[in-house]
Amino acid sequence: MSMYGRDPWGGPLEINATDSATDDDRSRNLQDLDRAALSSSRPLDETQQSWLLGPGEQKKKRYVDLGCIIVSRKIFLWTVGALLFSAFLAGFVTLIVKTVPRHRHGHPPPDNYTLALHKALMFFNAQRSGKLPKHNNVSWRGNSGLQDGKSDSSTVMKDLVGGYYDAGDAIKFNFPASFAMTMLSWSVIEYSAKYEAAGELNHVKDIIKWGTDYLLKTFNNSADSIDRIAAQVGVGDTSGGSTTPNDHYCWMRPEDIDYPRPVFECHSCSDLAAEMAAALAAASIVFKDNKAYSQKLVHGAKTLFKFSRGQRGRYSAGGSDPALFYNSSSYYDEFVWGGAWLYYATGNTSYLQLATTPGIARHAGAFWGGPDYGVLSWDNKLAGAQVLLSRLRLFLSPGYPYEEILRTFHNQTSIIMCSYLPVFTSFNRTKGGLIQLNHGRPQPLQYVVNAAFLAALYSDYLDAADTPGWYCGPNFYSTDVLREFARTQIDYILGKNPRKMSYIVGFGNHYPKHVHHRGASIPKNKIKYNCKGGWKWRDASKPNPNTLVGAMVAGPDKHDGFHDVRTNYNYTEPTLAGNAGLVFALVALSGDKSTGIDKNTIFSAVPPMFPTPPPPPAAWKP
């Protein structure tokens, strides 16, 4: 029988079944010949032998199949042994290292500026009015001022609950409070990384939002045009021997206040409205990731600034109650300040055009000196506005038509920085080294901290712009000189002074114990002291029962002297505006100097700039 297969070369392949019986015989004969050949030829290696040896005569397998690779069994055993020995050796070394005593190198301890920053922010928690959040963390404070607005039938704004008490009393002044919120927002915009490193970014943002939420209540924030602002809640006028209960005549815990709290409204208040606009505009940049809230702040800022420009006048004119405590000297500085912040918040060049109008700058005092030139305060924001606009020139350089006035602001900023240096005589210093920016008048520290933060901030601006320093006349000064000025002033406040006293409550071992502050001086003992019942705590010689952590007091006199007396507010009273400047200075100096400013966040709403070319020269006439 034959079978036919397909020959791969094209022809039929014939297989004879009858021949298959002899195939095994032929295979055995071939194997015999192969063995004979092996015995008579040269020795073959293992691999060659394995090809030729029959199944029953192959050598024992000496390889290990690892799936993806075949390795020699000998090499495999050596490798496994080496790995086991290495693991044992590593474990033994680790055991020795763990058991031998050694000096631990942990994270370096926080610097004094960071430690003081934690405390300085807590002051704002203690000043809160309204229904307090659960995380307020000031055990002796509670809900207060819950009838603010409702108790005054003459005001349109009925919900004025919230905000901050200004100082040691329970009055809510919008003017300095707005300035404080602007300052805090500015500090977050510039130094958010430092706040984050200190673990305080969320805290400071909560503080700002508590303030801006209240400011939004003091005018019709949903309208495009307004005709009034609730400028103040509570009064403090005790002139003429008045015994009418109010926030200065009475000495009570805010939680126990039961007397009427009038609301002061203003209808022509350019300075206040522009400052409030600055506060909301700056905060809108801080909260830019919360789009709805940021837009609400921007809208409110636009409305306020429009009101400030339309109804000209000082909010404290006419001998009003605000004039007794926070009298505004002018509103032109707020126009420059508010205009700059609205430009940064919106990118609308009309605000920049207004902020750089030479006539407004001249009225604000930008082109002349004077004894208080360069002193930033709740009243005069010119120095801050000039630094803020110098920033624009340093990093964006918008060119024509802004360059000339921006260069002037930049030059004036350089002059201000020169005036802070000890080699110049613009301001005296105490023997202990504290600069006398208010020329020996009381309550100096609020001005000192503002100068310190401006110097540190401007130094960081120059560093970020790769500029090593600036000129004072023919002399060149390094940016390190500015930081050193800021450090020496803040170090004085932290305790490096002739009295070895820290002027921040709760910082260090020696600090004021008789702070001029109603809530801190009256114990929380479930006893309600009436208007005059709290006077015994005001006049007591014992230290305050409650520690007002982080409060920067008014400060020493021009001879470095200090009287820790509760009734002397010129030494022992803290304020919102003062602590805001302190916070700014502390965060600027805290941490690693290599962590500088955030160059770009403030410009997040500013469109790309393409400088407008100057107009062509007039046609030549022969």
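## How the cysteines pair

If you number the bonded cysteines of the protein in sequence order, what is the pairing? It runs 1-6, 2-3, 4-5. Keep in mind that this is a predicted model. Searching the whole structure turns up 3 disulfides. As a reminder, a disulfide is a covalent bond between the sulfur atoms of two cysteines.

## C250 and C531

Let's start with C250 and C531, whose sulfur atoms sit 2.0 Å apart in a disulfide. The link between C250 and C531 is left-handed, with -90 degrees about the S-S bond. C250 belongs to the loop between β6 (229-233) and β7 (263-266), while C531 belongs to the loop between α17 (518-521) and α18 (535-538), so this pair ties together parts that are 281 residues apart in sequence. Buried or exposed, what are C250 and C531? Both are buried.

## C266 and C269

Next up is the disulfide of C266 and C269, with 2.1 Å between the sulfur atoms. The link of C266 and C269 is right-handed, at 65 degrees about the S-S bond.

## C418 and C472

The sulfur atoms of C418 and C472 are 1.9 Å apart, and these two cysteines form a disulfide as well. Here the torsion about the S-S bond is about -100 degrees, which means the disulfide of C418 and C472 is left-handed. C418 is part of helix α14 (residues 403-420) and C472 is part of strand β8 (residues 469-472), so the pair ties together parts that are 54 residues apart in sequence.

Why does C418 count as buried? Because its relative accessibility is 8%, and buried means under 20%. C472 counts as buried too, because its relative accessibility is 4%.

## The nonpolar cores

Now for the nonpolar side chains. In soluble globular proteins, these tend to be buried together. In this model, the largest nonpolar core has 160 residues. Which residues have the most contacts inside this core? They are W186, I229, W341, Y344, Y420 and I490. Helix α15 (residues 445-464) supplies the largest share of the core, 14 residues.

Terms used. Residues numbered from 1 in each chain as written. Predicted model: local features only at pLDDT ≥ 70, side-chain atom pairs only at ≥ 80, totals over all residues. Heavy atoms only, no water. Core = buried A, V, L, I, M, F, W, Y, C linked by side-chain atoms within 4.5 Å. Buried < 20%, exposed > 50% of the residue type's maximum accessible area, 1.4 Å probe, protein only. Helix = DSSP H or I, 4+ residues; strand = E, 2+ residues; numbered from the N terminus. Disulfide = S-S within 2.5 Å.
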